[in-house]
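Me: Hi! Could you walk me through this model, one topic at a time?

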Amino acid sequence: QVQLVESGGGLVQAGGSLRLSCAASGRTISSRAMGWFRQAPGKEREFVATISGSGRNTDYADSVKGRFTISRDNANSARSTGYLQMNSLKPDDTAVYYCAICRDSIARTNRGDYAYWGPGTQVTVSS
C-alpha cells in the first residue's frame, strides 16, 4: 500500500517562497520516480516537476524552470520524502499541488504514468 501526504502549502505574497514536502511510504517507493502536479480552479491538472528514483534526473515545466527545484531524500527502500522548493512565486502559481509516484524509476512528465497520488495541498499566491 502506497501512502502519500503533502504538506507545506499556504498563502504567500507574490515574489515569496514556499517549500512543499511529500512523505511517501510503500514497497519499493524509493526506486520509483516522484512528480509534482498542480490544478488551478477550472483548469486541468498539469505537470510541474519530476525526479527519478535515484534523484539524479529531473525535469520541469517551462513555466517553473529557474524558480522551482525538486529534490528527494530516500530514507530506505520503503520511505522517501520529496520536496518542491518554490521561489519567486507568482499569482499564476496558485493551485492545489499534488505529489505523485510513478510506475517506474524514470522521471516522466505525463500524469498517466503516475500510479499513486496524494490528497493535495493548497498554494495561494496573492498579488
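Me: What should I know about the model before we start?

Reply: This is a predicted model, where local features need pLDDT of at least 70, side-chain atom pairs count only at pLDDT 80 or more, and totals for chains, interfaces and linings use all residues. Residues are numbered from 1 along each chain as its sequence is written, and side-chain values use heavy atoms, with hydrogens and water left out.

Me: Great. In what order do the strands of the open sheet run?

Reply: The open sheet has 4 strands in the order β1-β3-β8-β7, with antiparallel pairing. Strands here are DSSP runs of E, at least two residues, numbered from the N terminus, and two of them pair if DSSP finds at least two bridges between them.

Me: And which are the edge strands?

Reply: β1 (3-7) and β7, each of which pairs on one side only. On average, neighbouring strands of this sheet are turned by 15 degrees against each other, direction ignored; the axes are lines fitted to C-alpha atoms, and angles run from 0 to 180 degrees between N-to-C directions.

Me: How many bridges join β7 to β8?

Reply: There are 8, and the two strands run antiparallel. As an example, T69 has Q85 in β8 as its bridge partner.

Me: Switching to β11: which strands does it pair with?

Reply: Strand β2 (residues 10-13) pairs with β11 in the parallel sense over 4 bridges, with V12 opposite V125. Strand β9 (residues 95-102) pairs with β11 in the antiparallel sense over 3 bridges, and there V96 has Q122 as its bridge partner.

Me: Which residues of β11 are on the covered face?

Reply: T121, V123 and V125 are on the covered face of β11 (residues 121-126), while Q122, T124 and S126 are on the uncovered one. In a regular strand, side chains alternate between the two faces of the sheet.

Me: Now the core. Which residues touch the most other members?

Reply: In the largest nonpolar core, which has 34 residues, they are W36, V48, F68, L84, M86 and Y97. Such a core is a set of buried Ala, Val, Leu, Ile, Met, Phe, Trp, Tyr and Cys residues joined through side-chain atoms within 4.5 Å. Buried means under 20% relative accessible area, exposed over 50%, and partly exposed in between (1.4 Å probe, protein chains only).

Me: Which element gives the most to it?

Reply: That is β9, with 6 residues.

Me: What is L84 in contact with?

Reply: Leaving aside neighbours within four places in sequence, the contacts of L84 (heavy atoms within 4.5 Å) include L18, L20, W36, V48, F68, I70 and Y97.

Me: On to rings: how many aromatic pairs are there in the whole structure?

Reply: The search finds 4. Rings of Phe, Tyr and Trp (its six-membered ring) pair if their centres lie within 6.5 Å; planes under 30 degrees apart count as stacked, over 60 as edge-to-face and the rest as tilted. F37 and F47 are edge-to-face, 5.8 Å centre to centre with 70 degrees between the planes. F37 is in strand β4 and F47 in strand β5, 10 residues apart, and both are buried.

Me: Why is the pair of Y114 and W117 tilted?

Reply: Because their planes are at 55 degrees, with the ring centres 6.2 Å apart. Y114 counts as buried at 4% relative accessibility, whereas W117, at 29%, counts as partly exposed. F37, F47, Y114 and W117 form one aromatic cluster.

Me: Which residue lies over the face of W117?

Reply: R45, at 5.0 Å from the ring centre. A charge counts as over a ring if NZ of Lys or CZ of Arg is within 6 Å of the ring centre and within 35 degrees of the ring normal.
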